[in-house]
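The exercises below are meant to be worked through with the sequence and the structure side by side. Each task is followed by a solution that goes step by step.

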Amino acid sequence: MSLAVPVVAAAGCAHCGAPVPGAARFCCAGCEGAHDLVAGLGLDAFYRRREAADGGLRPAADAPAVDFAPHARPEKDGQAIDLMVSGLTCGACVWLVEQALAAEPDVTRARVALSTRRLTLGWRGKAARANELVALLARFGFRVAPWSPACLRATEDAEGRELVRCLGIAAFGAMNIMLVSVAVWVGWDMGEATRAAMHWIAALIGLPVVLVAGLPLYRNALAGLRAGRLNMDMAVSLGVLASAAMSLSEVLRNGRYTFFDGATMLIALLLAGRVLDRAARRRARQAVAELLALQDGTVTRLAGDGTAEAAPAGNLRAGDRILVAAGERLRLDATLEAGEALLDASATTGESLPRHFAAHEALPAGAVNMGAPFVARVTAAAADGSLAAMARLLEQAEAAKGRFVDLADRIVRYFVPVVHAVAALTFLGWWLLGGVVWQQALVAAVAVLIVTCPCGFAIALPAVQAVAVGALFRRGVLVASGTALERLATADHAVLDKTGTLTEGRPTLLPGGWTEAELREAAGLARSSRHPLARALADACPEAPLVPGAEEVPGRGLVAGECRLGSAAFLGLAEPDAGLSLWYAAPGRAPVAFRFADRMRPDSAAAVAGLQGLGLTAELLSGDAAPAVAVVAAQAGIEHWTAQAVPEAKAARIEALRAAGGRPLMVGDGINDAAALALAHVSACPGDGTDLAQTAADLVLRSEGLGALPGAIRTARRAQRLAKQNIAFSLAYNLVAVPLAVAGMITPLFAALIMSSSSLIVIGNALRAGKEAA
Amino acid sequence: MNVLVLLVPVALFLGLLGLLGFLWNLRAGQYDDLDGAASRILFDDLPRKEPRP
């Protein structure tokens, strides 16, 4: 017994839950600070209440410098702000955030919505206080970003809310009509007058419900008709409206049965399928918006007198001067004002080595500053810049993709005319040849429409989609587009980008001729810098303690006492700076070099092998130089590769593949991949990719790396197979039901049985889509 | 059967009451944060206000 306790205690960091070596309680200094802070606030119940700790709640060593004050809005008695809080996993996180903020004396309200990750915060006092409150959350390990318009779009879902409202109305109608319908079905001894009263009640509820709750369906049907297509909603709308009209005629002539129950139940089931499908995809969309919001930031604008102020990128105009700090991403088109700049343009061009830019040279928007801070002059406002132009192009490409015709619509195209012809013939046959009154003939004809109208059919796909998208979400694959799964299932060619997709897209430390002790010292010194190489060095030795009193010489290196870390020139060495390297010199020892390179992601080769195992031909398409691409291609096991591909060439390659009848899956993360991502049959982007690429891609892989991609394809294919089974099953059902309907033997009871049993079978089958693919 | 004259309207009225309640909930935003509401019910303590040391 005494053995079990220490094992459990050593299993994970007491704050974030990440695995820790040995008997340490914490994985890093940040977590220790967070734990003390939580305990100090008297909120340590958090650790008992939370459901899971997966290492996600680790305070970042250096929080991105975003000024929240401009986002605060004045209120009656103070300020308020809307924030997006990333890292909330369960109710305990909500509790911790709300309690910790409420304990601040000037905070008037703090409320978190767990589904949307939205924190509404109000306080008395100055707007600048927002930064301190955000810093408090950052110390717990939550990552906070201003609530962006994209977050709002992803959560504010007017259409989804209308669907839920209509579902409520339809469900109410279906249940209450069933109340009177059952009475008619079993009431063999019911008098004619009572039956008429029952029918009138059913009509009184049924007609308004059919008209109001069916609106989303009718609107879709009209939109399809205007675009010149028959869609699933057309079939459903005609079936529902025809059965409501026929039932009304039956009420008027006091017929035996009305079909109001079937019509309302059909609407309710269809809307339920759609609401579930939407909810699954909304969650994915929100997660994408969350990733994007974390990338948003402010720009440092220099006023005429040289003072710096933070401003959102959208507020800058052409001609403004901006200061770009080391490690910061350039968000606007600009030219270099003076001096020299070293930029990592891998996101824009795919080159893995940073490039030098001379004064007055145009700088690529999206590049990261790898050198000293520099001043640049903005040449175009964000809305007119190259990034915005790219976003507009992507939107057009997206719209073109929206015309993709999914499986259901392809079948409906043939199915609907056939069913309507059968219904028309049934009506004519009974009326002209059968010698019954036209109302009687109408009952048979509408029965054909209602039994074919196909709950199974219309719910078959949304149910599979909702289950598969939900299962993928749990595995870290975000599917935001409605047809993406079907397109993913049919992909036969994988085109991969190199930098940032197969590789990590940032420098990592290579093994070299240094000792562990030297690495520890150098990493401790590097910890105080935001320079990308210094951060890579600090990441390589996360347990190194911060060296106090370190001073940064911008663009050159760091000094702490006698120790120096920086470029060869900074240390006074004659060595050339080969590639990416940092030199470290301590008194009395020879200087050592730390070399860095963009490294393959550990799971890339396995992911490529997985894709090839699924029958996709892999191809590497990179903007980088040929030798670097060849090495990565060989490591990843890809035979075909192209180097120095400009964005246009990437897009052209995708076009060529599509023209040749291929269905390419494009995987990329950079701004230079965005056009190709949007054009491809289906596209995916790693979670740490650029915002443009994430917007353009159909799937975003939340975890870093491509490991989840083969599994996602397997799930998509499985979902597709289940969808086909469901449709085949619904068609088979019709083979039995339609002849009965034509013969006029379908009663409303029978129709209700068919509808609910086929729906249950189809939904049961759809649930299998979430199972882990073998 | 005369009892139907009373029972059917009563049943419908109760159903309608439920529907109206649902629509009101929806409009009031009670369906906006289902995950949060589910765990919020377990928070038993009110936020404390303490003067900062």
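**Exercise 1.** What percentage of the 53 residues of chain B count as buried?

*Solution.* Keep in mind from the start that this is a predicted model. A residue is taken as buried if 20 or more other C-beta atoms lie within 10 Å of its own. With that cut-off, 4% of the 53 residues of chain B count as buried. As for its secondary structure, chain B has two helices and zero strands.

**Exercise 2.** Describe the side of chain A that touches chain B, and find the element that gives the most to it.

*Solution.* Begin with the contact as a whole, to which chain A brings 24 residues and chain B brings 25 residues. Next, look for the elements of chain A that give two or more residues to this side, which are α4 (91–102), β3 (107–113), α7 (158–186) and α8 (192–213). The most comes from α7(A), with eight residues.

**Exercise 3.** Which residues of helix α21 (residues 604–613) of chain A are buried, and why do they line one face of the helix?

*Solution.* The buried residues of this helix are A:Ser604, A:Ala607, A:Val608 and A:Leu611. Viewed down the axis of α21(A), they fall within an arc of 100°, and therefore they line one face of the helix. The elements of chain A that cover these buried residues include β16 (493–496), β22 (592–600) and α26 (709–742). After the helix comes A:Gly615, which has a positive phi, near 90°.

Notes. Residues numbered from 1 in each chain as written. Chains lettered and ligands numbered in written order. Predicted model: local features only at pLDDT ≥ 70, side-chain atom pairs only at ≥ 80, totals over all residues. Helix = DSSP H or I, 4+ residues; strand = E, 2+ residues; numbered from the N terminus. Buried ≥ 20, exposed ≤ 12 C-beta atoms within 10 Å, placed from the backbone. Contact = placed C-beta atoms within 7 Å. Arc of directions from axis to C-beta.
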